[in-house]
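Reader: I would like to learn how to read contacts, sheets and aromatic pairs in a model. Please start with a single side chain.

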Amino acid sequence: MTRTMAVLNLALRGSPFSQKIISICLCCVIALWGCSSESNHYSAFQPGQLWLDNNDVHINAHGGGILFHEGVYYWFGEHKIEDRKGNAAWVGVHVYSSKDLYNWHDEGIALSVVKDDTTHDIREGCVLERPKVIYNEKTGTFVMWFHLEFKGTRYRTARSGVAVADHVTGPYTYLRSFRPNAGFWPKNIKEQQKQVPSQYRDYDYSGGSLPDDPEKLNLIARDYTGGQMARDQTLFVDDDGSAYHLYASEENSTLHISKLTDDYLSCSGEYVRIFEGRFMEAPAIFKHDGIYYFIGSGCTGWAPNAARSAKAESIWGPWQELGNPCIGEDAELTFHSQSTFIVPVPGKEGLFIFMADRWRPENAIDGRYIWLPILFRNDRIEIEWLDEWDLRFFDHF
Ligand code: DGJ
């Protein structure tokens with residue numbers, strides 16, 4: 001029996017009054033201990049620093065996105081493991097919850113990779129990136145889309161994967177993967193683009209680099225029947241409940257914006273090509289005062305590059321590029337990070353947080369997070385570095 005238990009044992013043998021006092025104290029201690037076991041570390045964002053969850057473990061949700069549902073924020077992202085292998089999916093999609101955006105509670109693995117079936121699309125060791133989750137009000141279903149590369153294909157699969165759940169934190173059930181919009185031309189196709197130039201009909205593309213002019217290769221026609229390539233991606237639900245899937249396509253040279261079916265589980269076949277030949281990745285999108293805004297990156301593997309931004313009055317475009325939204329030191333490398341999502345600020349209509357990843361490919365699990373406020377200045381969006389900030393920052397706007 002420990003000393004504490006011995007003292008308690010002695011005290012509880014005392015008078016009824018002392019027993020009552022002791023039991024009240026015990027209840028208080030247990031209540032306080034219960035609270036303290038939920039580490040509430042933070043009351044501010046510290047971009048680039050270790051960000052510990054309620055278990056004092058660095059948050060493990062990379063390339064992620066946020067879903068706000070019934071007053072709670074949920075952060076979904078790629079679960080990474082130690083060392084180089086970490087950039088493949090050996091666990092799945094991790095999910096955390098928070099009520100203040102600073103302190104995150106580990107809710108476990110929302111979608112697990114498959115460990116006992118070497119033929120499965122999402123078998124362990126596949127590439128499962130940039131998971132995003134949206135909630136379908138009509139079906140009451142949580143829908144996750146992600147970028148999927150089958151194991152061992154070195155990013156040649158270029159498919160979108162879809163999984164669903166009845167509860168926001170899962171478990172999510174994998175439905176299928178595919179290349180989007182097979183058998184559909186984009187709304188802004190040019191007639192001459194419906195032909196694959198003869199000299200490129202059997203082009204054996206090595207990946208990662210295109211001929212001088214990707215339009216000569218005409219990838220949209222090459223992939224018309226089998227479906228369009230889909231790698232980096234995000235989801236967006238518009239004010240009217242319509243959902244859209246933005247994905248890097250055509251060997252990463254061109255982005256597609258594709259409207260989903262009403263159940264959010266498939267492509268409607270209605271889509272457009274935007275930023276043709278601009279090799280944009282890591283798409284993120286938000287809407288403010290009826291205007292759609294886009295932030296993305298260049299295409300340089302895990303290495304950072306200068307972010308890009310754009311705006312449009314219609315999600316179908318035309319999109320007007322606004323240049324790199326980052327300003328100040330290291331802006332040309334997006335503060336050593338890459339976009340992944342834009343978080344609307346709670347209760348602050350029109351205020352948004354730029355959510356980015358600072359990748360550590362040599363030790364993926366150590367990847368950090370860059371969350372910074374988005375400013376609307378000079379008819380464009382701007383992002384400045386802050387070592388530490390909190391949501392009161394927006395009180396000045
Ligand atoms: C850049 C992408 O944005 C990441 O999601 C990942 O696919 C890396 N490329 C792989 O090099």
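Author: Take Arg380, whose side chain reaches the backbone oxygen of Asn324 at 2.7 Å. A polar contact is a pair of N or O atoms within 3.5 Å; within protein, one must be able to donate a hydrogen and the other to accept it, and residues adjacent in sequence count only if both atoms are side-chain atoms. This is a predicted model, in which local features need pLDDT of at least 70 and side-chain atom pairs count only at pLDDT 80 or more, while totals for chains, interfaces and linings use all residues. Residues are numbered from 1 along each chain as its sequence is written, and side-chain values use heavy atoms, with hydrogens and water left out.

Reader: In which strand does Arg380 lie, and which residues does Arg380 touch?

Author: Arg380 lies in strand S21, residues 380–384. Strands are DSSP runs (E, at least two residues), as helices are (H or I, at least four), numbered from the N terminus. Leaving aside residues up to four places away in sequence, Arg380 touches Leu322, Gly323, Asn324, Pro325 and Leu375; contact means heavy atoms within 4.5 Å.

Reader: How do I read a sheet?

Author: Strands of a sheet pair through backbone hydrogen bonds, either parallel or antiparallel. Here two strands pair if DSSP finds at least two bridges between them.

Reader: How many bridges join S14 to S15?

Author: Five bridges join S14 (residues 291–297) to S15 (residues 308–312). Ile295 has Ser309 in S15 as its bridge partner.

Reader: And aromatic pairs?

Author: A pair of aromatic rings is described by the distance of the centres and the angle of the planes. Rings of Phe, Tyr and Trp (its six-membered ring) pair if their centres lie within 6.5 Å; planes under 30 degrees apart count as stacked, over 60 as edge-to-face and the rest as tilted. The count comes to 32 aromatic pairs. Trp185 and Tyr224 are stacked, because their ring centres are 4.1 Å apart and their planes stand at 20°. The two residues are 39 residues apart and link distant parts of the chain.

Reader: Is Trp185 buried, exposed or partly exposed?

Author: Trp185 is partly exposed, at 23% relative accessibility. Buried means under 20% relative accessible area, exposed over 50%, partly exposed in between (1.4 Å probe, protein chains only). Tyr224 is also partly exposed, at 23%. Phe286 and Tyr293 form a stacked pair, 5.2 Å centre to centre with 15° between the planes, and both are buried.
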